[in-house]
Amino acid sequence: MKPLEQLTILDLSRVLACPFASMVLAELGARVIKVEQPGSGDETRTFEPQLAQDSAYYFACNRSKESITVNLRSAEGKKIVRELAAKADVVVENFPVGTLGRYALDFASLSALNEKLIYVSCTGFGQTGPYAEKKGYDTVFQAMGGLMSLTGEKGGGPVKPGLPVADLTSGLWVAIAILAALAGRARNGKGCHIDFSMLDGQVALLTLAAARFFALNEIPPRLGTEHPGRVPSATFRCKDGKYAHITASDQHWKPLCEALGLEDFPEDFSDNAVRVERRDEVMEALTRKIQVLSRAELIARLDEADVPVGPVNDVAEILGDPHVRARRLVGSFDYPGVGEFKALGLPYKFLGWDAPEIGRPPTLGEHTEKILASLNYSAEDIAQLREKRAI
């Protein structure tokens, strides 16, 4: 048994943030019914890289779900969504503000049918505020939310992270909100509306950068891989052109120096505050010693000294890493027309529940007839819906 079995989520969302959230919950046991546009489906089905008639992008965030195609602009399609919502525990949507209200599929309309319904509205800027109608994408939220201002080399311009951080973290925020609302409903028996703004989610992640601003009135500068309040904590280039990242606290300073042959630093450098004050001196000395070692030599020395260090792995290196393999983070599913396709499992190991399993994504509309039959639609009813292009 998985922890979220018996939970039904009606997923009206598309692209990345909310589909990622609902996929996490699906592989924890929830039944997720993904509503897609007839003929085209979630637009990510057409994104690169393409595989057969679907996309690796779509695969990454839509595993373990059921797919029903419904035309929300038709009266019959809206009726189907209302019927599904009446039986669901959660509805997740990421339409622009006010869109589903015009279809009578907003929280007020659907909660009137199901008072226990948890309804998540995920938008770029929230349901209220001066930016509520503004459009945005992942990188816009990274930029506006402050993250991009922190990312980049010293003296250089802002740089976006290599992954859609705003989308992915928003998906985690949404999943957390759903679990919190379910816990609350278990106490009072009532549903709720969750208004989540992706910009809010990025601002909430500023944490330590915001704390420095509140404490010091400091606008953190871009420092590349260095840490503003700890030295050393940075990436170093080794003799073979590969990179390793070292992060050392005070208790690691002496072992680090001994491992690298840097015994000439004065005693007061054992205090991080001194090392932060004299950052350039410390970094120059470490760089000089590390650049004559291969990455493997450096890591072996520092592992022996118990100093925290790790290689800067590329994607191929980390996915082939023996520890990642031992933790069984890479699995696979079989998809029609594609065959076996590798995928990343959820990073949980449960004791007392069945572990999450990698499921395959649905083909477009794969479960339409089964889901409609569960709502007591006959084969003739379904055929008429198809003729009217409602499904």
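Which residue in E11 stands opposite histidine 245? In this predicted model, the residue opposite histidine 245 is glycine 310. The report begins with the sheet to which E11 belongs and then turns to other parts of the structure.

## The antiparallel sheet

Strands E9, E10 and E11 form an open sheet of 3 strands, in that order, and their pairing is antiparallel. At the edges are strand E9 (233-237) and strand E11 (309-311), each of which pairs on one side only. On average, neighbouring strands of this sheet are turned by 20° against each other, direction ignored. Between strand E10, which covers residues 243-247, and E11, the antiparallel pairing extends over 3 bridges.

Two helices accompany this sheet. Helix H13 (residues 279-290) packs on the sheet and touches E9 and E10; the direction of H13 makes about 35° with that of E9. Helix H14 (residues 295-304) lies across E10 and E11, and runs at about 155° to E11.

## Glutamate 226

Glutamate 226 is located in the loop between helix H10 (207-216) and E9. Its relative accessibility is 16%, and buried means under 20%, so glutamate 226 counts as buried.

The side chain of glutamate 226 is joined to that of lysine 154 by a polar contact of 3.1 Å. When neighbours within four places in sequence are left aside, the residues in contact with glutamate 226 are Lys154, Ser233, Ala234, Arg279 and Met283.

## The parallel sheet

A second open sheet consists of 6 strands in the order E5-E2-E1-E6-E7-E8, with parallel pairing. Its edge strands are strand E5 (66-69) and strand E8 (192-197), and each pairs on one side only. Neighbouring strands of this sheet are turned by 20° against each other on average, direction ignored.

Within this sheet, strand E1 (residues 8-11) and strand E2 (residues 31-36) run parallel and are joined by 4 bridges. Leucine 10 stands opposite isoleucine 33, a residue of E2. Helix H3 (residues 75-87) lies across E1, E2, E5 and strand E6 (90-93). The helix H3 runs at about 155° to E1.

## The crossing of H1 and H8

Helix H1 (residues 17-27) and helix H8 (residues 165-188) have axes that come within 7 Å and cross at roughly 50°. The two helices are therefore oblique to each other. H1 passes H8 in a right-handed crossing.

Several residues take part where the helices meet. On the H1 side they are Ala17, Cys18, Phe20, Ala21 and Leu25. The residues of H8 that they meet include Asp167, Leu168, Ser170, Gly171 and Leu172, as well as Val174, Ala175, Ile178 and Leu179.

## Aspartate 250

Aspartate 250 has its place in helix H11, which comprises residues 250-260.

Aspartate 250 and serine 270 are 20 residues apart in sequence, and their C-alpha atoms are 5.8 Å apart in space. Not counting residues up to four places away in sequence, aspartate 250 touches Ser270, Asp271, Asn272 and Arg275.

Conventions. Residues numbered from 1 in each chain as written. Predicted model: local features only at pLDDT ≥ 70, side-chain atom pairs only at ≥ 80, totals over all residues. Heavy atoms only, no water. Pairing = 2+ DSSP bridges. Axes fitted to C-alpha atoms, helices over the stretch in contact; angles between N-to-C directions. Contact = heavy atoms within 4.5 Å. Buried < 20%, exposed > 50% of the residue type's maximum accessible area, 1.4 Å probe, protein only. Polar contact = N/O pair within 3.5 Å; in protein donor to acceptor, adjacent residues only side chain to side chain. Parallel < 35°, antiparallel > 145°, perpendicular 65-115°, else oblique. Left-handed = near helix turned anticlockwise from the far one by under 90°.
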